[in-house]
Amino acid sequence: MSNPPGTSGPADPSNPSVAELVEQQRRLTLSRFTHEDAWTLGSLLVELARERDAPVAIDIRRGAQQLFHCALPGSSADNDAWIERKRRVVERYAESSFLVGTRFRAKGTTFEDSSRLDPDVYAAHGGAFPITVEGAGVIGVVTVSGLPQAEDHALVVKALERMTA
């Protein structure tokens, strides 16, 4: 399955390839990321989630500092635990949690079976995405939890695409 001419989205958004996820990450680089930008990104994620009545929690961090957090109706403390586990994967690998998990699956294994990391501490499931700033690299993480992993990931990507447009 290929993309229609002139589109840049994955051929199958629920099962993107490693190459498609790497390309997303390359193109979703920001020129800066301030406290105000964190508010804008978080508010945009809330708006997108509310449009589809998504029961998600949203978290944005720059380094160790939490700049934004919101738990929408239907989310729970379990979503906060997933956020922490997915965020740690991005912090360790400097890649989206979905990309990390997809890399393992592409090798015929799973993150849980092959990473040698505690699955109670790390989760390579979609929804955590590195905040990358030109000239600085990965400076933070934006995470969504509450939907199937491809949908969590897609929600973050959609918001970052709007911020970089």
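The model is predicted, so local features need pLDDT of at least 70 and side-chain atom pairs count only at pLDDT 80 or more, while totals for chains, interfaces and linings use all residues. Residues are numbered from 1 along each chain as its sequence is written, and side-chain values use heavy atoms, with hydrogens and water left out.

Helices (H or I, at least four residues) and strands (E, at least two) are DSSP runs, numbered from the N terminus. Five strands form an open sheet in the order β1-β4-β5-β2-β3. The pairing is mixed; two strands pair if DSSP finds at least two bridges between them. The edges are β1 (29-30) and β3 (65-71), each of which pairs on one side only. Strands of a sheet pair through backbone hydrogen bonds, either parallel or antiparallel.

Strand β5 (residues 137-145) runs antiparallel to β2 (residues 57-62), and six bridges join the two. Within this pair, I58 stands opposite V144 of β5. β4 and β5 are also antiparallel and are joined by six bridges. Here T132 has V138 in β5 as its bridge partner. β4 and β5 form a hairpin with three residues between them. G135, in the turn, has a positive phi of about 80°.

Helix α3 (residues 77-93) lies across β2, β3, β4 (128-133) and β5. It runs at about 155° to β5. Axes are lines fitted to C-alpha atoms, for helices over the stretch in contact, and angles run from 0 to 180 degrees between N-to-C directions.

α3 also packs against helix α4 (residues 97-106), with an angle of about 75° and axes 8 Å apart. The two helices are therefore roughly perpendicular to each other (angles under 35 degrees count as roughly parallel, over 145 as roughly antiparallel, 65 to 115 as roughly perpendicular and the rest as oblique). K86, V89, V90 and Y93 of α3 meet S97, V100 and F104 of α4; contact means heavy atoms within 4.5 Å. By class, this contact has five nonpolar, one polar and one charged residues. Ala, Val, Leu, Ile, Met, Phe, Trp, Tyr, Cys and Pro count as nonpolar, Asp, Glu, Lys and Arg as charged, and the others, Gly among them, as polar.

Two buried residues were examined next. Buried means under 20% relative accessible area, exposed over 50%, and partly exposed in between (1.4 Å probe, protein chains only). Q25 is in helix α1 (residues 18-27). Q25 counts as buried because its relative accessibility is 13%. A polar atom of the Q25 side chain lies 3.2 Å from the backbone oxygen of A94. Leaving aside neighbours within four places in sequence, Q25 is in contact with A94, E95, S96, L99, F129 and P130.

S75 lies in the loop between β3 and α3. S75 is buried, at 19% relative accessible area. A polar atom of the S75 side chain lies 2.7 Å from the backbone oxygen of L72. Beyond neighbours within four places in sequence, S75 is in contact with P55, V56 and A57.

Backbone phi was also considered. Most residues other than glycine have a negative phi. D53 is not a glycine, yet has a positive phi of about 50°. D53 sits in the loop between α2 (35-51) and β2 and counts as exposed at 68% relative accessibility. R116 also has a positive phi, near 65°. R116 is found in the loop between α5 (111-114) and β4 and is exposed, with a relative accessible area of 80%.

Notes. A polar contact is a pair of N or O atoms within 3.5 Å; within protein, one must be able to donate a hydrogen and the other to accept it, and residues adjacent in sequence count only if both atoms are side-chain atoms.
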